[in-house]
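Please look through the sequence and the model with me before we discuss the points below. I have written them as a colleague's note, to be read with the structure open.

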Amino acid sequence: MIEKKIYQCNVCEKQYVKFQGKCDNCNEWNTISECVISKKKENYPNIPKQIQNIEIGNIELIKTSDDEFNKLLGGGITKGSLVLVGGDPGIGKSTLVLQLLLNLNEIKTLYISGEESEEQVAIRANRIKIKNKQCFIVHASDINEVNHHITTQQPILTVIDSIQTITNEDIDGSMGSVSQIKDITNQLLTLAKTTNTTIIIIGHINKEGLLAGPKVLEHMVDVVLLFEGDSKNNYRILRSVKNRFGHTPEIAIYTMKENGLFPINNPSSFLLSSNYSELSGVAIGIICEGQRAILIEIQALIGVTNYTTPQRVANGFDPKRLSILIAILEKKIGLKLANKDVFVNIVGGITIHETSLDLAICMAIVSSYFDIIIPRKHCFSAEVGLCGELRTVPFIKQRIDTAIKYGFDEIIISDEQCTTNSRNVKHFSTLEDIIGSYNG
Ligand code: TYD
Ligand code: MG
């Protein structure tokens with residue numbers, strides 16, 4: 001038995017989902033009241049089965065011409081799936097997906113633009129300089145129209161740019177509101193499953209953060225890719241934060257050029273300044289994104305403050321983590337930072353979510369504070385505990401191998417970390433020990 005609460009007019013029996021004072025049907029006032037309807041359902045088609053006996057069909061993939069993108073999705077875009085590409089406005093989402101469509105020659109694709117006119121998208125396509133007869137564009141902002149175009153055109157791959165500009169008039173809420181976004185996504189989900197078109201949804205991240213925007217639909221879609229980077233520099237990082245068909249979290253790195261986005265096939269050291277003479281305030285750390293280790297430059301600047309409250313700025317990582325590391329440096333190393341501004345920047349506009357950069361961040365701060373230069377061939381990979389102890393980080397072999405490949409001859413890690421490669425590795429147990437070894 002299924003029970004459902006509804007509101008019903010007791011004159012004309014018109015039903016409503018929400019309470020209202022006047023019936024729209026018979027124009028009577030105060031005739032609507034709450035009632036519970038129940039439906040008896042006896043035919044349930046699904047019966048429990050043994051998992052081991054479920055037949056698994058072949059998962060079909062759409063392989064794009066962009067190998068980095070394919071890798072990010074575990075080989076390609078799974079047919080019939082719903083993929084969300086989120087990111088700040090202007091980061092390059094429209095460019096990325098348009099490029100993907102234009103490069104797919106063998107299949108029919110449809111770009112539904114609710115944001116820009118057909119002409120504006122064509123201008124972007126001209127910039128990218130690829131012609132493709134199978135790639136169609138239509139401007140639409142009503143979900144019923146979107147539905148119509150997908151069912152009549154039957155594209156293999158459809159792009160919706162962006163979810164925030166598509167509306168359903170039957171639903172309350174303004175364009176881009178949470179109720180609208182949820183409803184539209186639900187409808188797209190059904191469309192993807194029934195028509196077997198694969199849908200890429202573009203979603204802007206609003207100022208209020210993810211919550212008001214695409215975050216509400218993350219659990220509804222199969223894959224979530226986040227496009228990040230700094231609009232000032234040309235690097236863009238596409239991060240897979242959820243993938244129902246994939247393996248580990250992965251990233252792909254692109255550069256934005258005059259004629260589109262270009263994947264960087266070997267990103268291991270792209271974030272290091274190339275012509276760099278040795279300076280104080282710089283330390284190199286290693287992050288591990290999915291299968292890949294990447295060397296990253298950290299810059300710190302410590303100076304006497306001109307304000308009553310000194311400034312603490314963390315660009316590219318959690319400011320709370322910076323406060324913790326500052327507290328550890330004050331307590332364990334004796335750095336006097338209470339009247340100093342501390343600015344720390346992860347070079348390249350990448351945002352880091354792992355604690356393995358702790359040690360490199362501390363070393364950059366120490367280097368700026370004492371004005372000592374950390375040799376360019378040294379790099380760091382350890383988490384720093386609250387007592388100043390160095391802690392282990394995952395995938396240490398990958399990190400060390402990558403650092404050695406890029407010419408680093410001293411890789412400083414926690415002495416709790418076991419490793420088979422000892423030639424270029426130095427083990428330390430505390431932050432104090434390392435700093436002692438630099439400060440003499
Ligand atoms: P866009 O894809 O419109 O961003 P989003 O859809 O995320 O809002 O691209 C934004 C920027 O990229 C815009 O400032 C112009 C620049 N751009 C290039 O530098 N090269 C190009 O080839 C294209 C198409 C855009
Ligand atoms: Mg756009």
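The points that follow take up the ligand and its surroundings, and then one residue elsewhere in the chain.

1. Please keep in mind throughout that this is a predicted model, and that the distances and areas given here are computed from it.

2. Around ligand 1 there are 15 residues, and those that come nearest are G90, S94, T95, K257 and G260. Sorted by class, this shell holds six charged, six polar and three nonpolar residues.

3. As for where the shell comes from, at least two residues each are supplied by helix α2 (93–102), helix α3 (118–128) and strand β13 (251–257), and the largest share, three residues, belongs to α2.

4. A backbone N or O atom of E258 is 2.9 Å from an oxygen atom of the ligand, while a polar backbone atom of G92 lies 3.0 Å from a ligand oxygen atom. Taken on its own, the ligand has 560 Å² of accessible area, of which the protein covers 77%.

5. Beyond its neighbours within four places in sequence, V366 is in contact with L329, L335, D371, I372 and I435.

6. Finally, V366 and K257 are 109 residues apart in sequence, and their C-alpha atoms are 37 Å apart in space.

Key
Residues are numbered from 1 along each chain as its sequence is written. Chains are lettered from A and ligands numbered from 1 in the order in which they are written. This is a predicted model: local features need pLDDT of at least 70, side-chain atom pairs count only at pLDDT 80 or more; totals for chains, interfaces and linings use all residues. Side-chain values use heavy atoms; hydrogens and water are left out. A residue is near a molecule or strand if one of its heavy atoms lies within 4 Å of it. A polar contact is a pair of N or O atoms within 3.5 Å; within protein, one must be able to donate a hydrogen and the other to accept it, and residues adjacent in sequence count only if both atoms are side-chain atoms. Accessible areas come from the Shrake-Rupley method with a 1.4 Å probe; for residues, only the protein chains shown count as cover. Helices (H or I, at least four residues) and strands (E, at least two) are DSSP runs, numbered from the N terminus. Ala, Val, Leu, Ile, Met, Phe, Trp, Tyr, Cys and Pro count as nonpolar, Asp, Glu, Lys and Arg as charged, and the others, Gly among them, as polar. Contact means heavy atoms within 4.5 Å.
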